[in-house]
Amino acid sequence: MLLASDIEVAQNIGFYLIAAVMVLGAINVVRSSNVVHAALSLVAVMGGAAAQYLLLSAEFVAVTQVLVYIGAVMVLFLFGVMLTRAKLGKDIDLNNKGGAAIGAPVALLLFGVMAYVLIKGFEDDRIVTSGDEAIGSTATLSDKIFSLYALPFWALSFVLLAAVIGAIVLARKD
Amino acid sequence: MLVNNFLILGAVLFSIGVYGVIARKNAVLVLMSIELILNSVNINLLAFDRINGTQDGAVFALYIIAIAAAEVGVGLAMVLLIFRNRKTIALDDLSEMKG
């Protein structure tokens with residue numbers, strides 16, 4: 001029997017509103033003829049993604065998304081736009097010739113295949129809001145990172161170190 | 001909520017990102033499209049995580065965020081280097097390695 005509490009009206013309305021903002025922002029990222037507008041649309045997409053993580057009850061990932069992506073990565077992108085002296089107004093020379101003619105069929109085909117597989121595979125599965133582990137709890141998450149996934153965590157710190165040194169070596173002027 | 005809501009949203013963002021990688025010429029905008037793809041994968045991982053009711057997907061998502069930060073750092077350093085040497089970051093001008 002379908003109960004009113006199973007439909008979760010409020011969550012669904014929130015999901016579709018945020019999803020619409022994200023999709024429109026993403027289209028603006030790939031279609032805009034102004035580099036700064038594309039970067040600011042990317043902020044909307046990433047903020048929307050953080051909100052979706054909250055709907056999926058992953059609070060720590062949502063906060064990290066805001067800190068790292070909106071805080072750090074976007075500043076890096078705006079610096080990149082500034083240092084490569086992109087035109088700050090409209091710039092018609094941002095797209096490949098005939099790129100849309102190739103890109104649109106590829107993207108549509110990809111989406112068609114993925115949507116078919118997902119709808120076939122997960123027909124009306126629901127997200128679990130209760131389980132044997134405390135859902136979305138940062139304590140459980142940190143227990144996992146520092147026990148089961150400790151080795152990847154170490155590897156990741158080396159990757160970050162290498163990336164920082166590499167970026168300095170590449171971008172240094174001499 | 002249906003898990004397919006999140007998975008289809010991920011698929012839409014992924015396809016838009018792939019379109020951007022193909023259609024854009026400016027290197028900074030290609031990097032932005034790659035960020036779209038990485039974000040869509042993160043949404044998928046967290047949705048799968050919620051199917052199982054465990055926290056493993058959240059760990060993967062955090063690691064992907066860290067990798068993406070490293071990738072943008074190195075990528076933009078390379079773009080700056082290319083701009084300094086060539087005065088352009090249009091990707092179709094960089095064709096020396098074409099056979």
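This is a short tour of a two-chain model, with chains A and B, stop by stop. Keep in mind that the model is predicted.

**Stop 1: the domains of chain A**

Start by selecting residues 4-95 of chain A, which the domain assignment calls domain 1. Then give another colour to 137-174, which is domain 2 in that assignment. Taken over C-alpha atoms, the centres of domain 1 and domain 2 of chain A are 24 Å apart.

**Stop 2: helix H7 of chain A**

Now pick residues 150-171 of chain A, which make up helix H7.

**Stop 3: where the chains touch**

Next, show both chains and look at the contact between them. Here 61 residues of chain B are in contact with 76 residues of chain A. On the chain B side, select helices H1 (3-23), H2 (27-52) and H3 (56-86); each supplies at least two of the residues that touch chain A. Which of them gives the largest share? That is H3(B), with 21 residues. If you colour this side of chain B by class, you get 43 nonpolar, twelve polar and six charged residues.

**Stop 4: one helix pair up close**

Hide the rest and keep H4(A), residues 59-83, together with H2(B). Their axes come within 11 Å and cross at roughly 175°. An angle over 145 degrees counts as roughly antiparallel, and that is therefore how H4(A) and H2(B) lie to each other.

To see the contact, show the side chains:

- From H4(A), pick Val61(A), Val73(A), Phe77(A), Gly80(A) and Val81(A).
- From H2(B), pick Val28(B), Met32(B), Glu35(B) and Leu46(B), which they meet.

By class, this contact has seven nonpolar residues, one polar and one charged.

**Stop 5**

Go to Ser57(A), in the loop between helix H3 (35-55) and H4 of chain A. Its phi is positive, near 50°, and Ser57(A) is not a glycine. With 18 C-beta neighbours inside 10 Å, Ser57(A) counts as partly exposed.

Finish at Lys87(B), in the segment after H3 of chain B. Lys87(B) also has a positive phi without being a glycine, this one about 65°. Is Lys87(B) buried or exposed? With 10 other C-beta atoms within 10 Å, Lys87(B) is exposed.

Key: Residues numbered from 1 in each chain as written. Chains lettered and ligands numbered in written order. Predicted model: local features only at pLDDT ≥ 70, side-chain atom pairs only at ≥ 80, totals over all residues. Helix = DSSP H or I, 4+ residues; strand = E, 2+ residues; numbered from the N terminus. Expected span 1.5 Å × (residues − 1). Domains from an automatic or database assignment. Contact = placed C-beta atoms within 7 Å. Nonpolar A, V, L, I, M, F, W, Y, C, P; charged D, E, K, R; others polar. Axes fitted to C-alpha atoms, helices over the stretch in contact; angles between N-to-C directions. Parallel < 35°, antiparallel > 145°, perpendicular 65-115°, else oblique. Buried ≥ 20, exposed ≤ 12 C-beta atoms within 10 Å, placed from the backbone.
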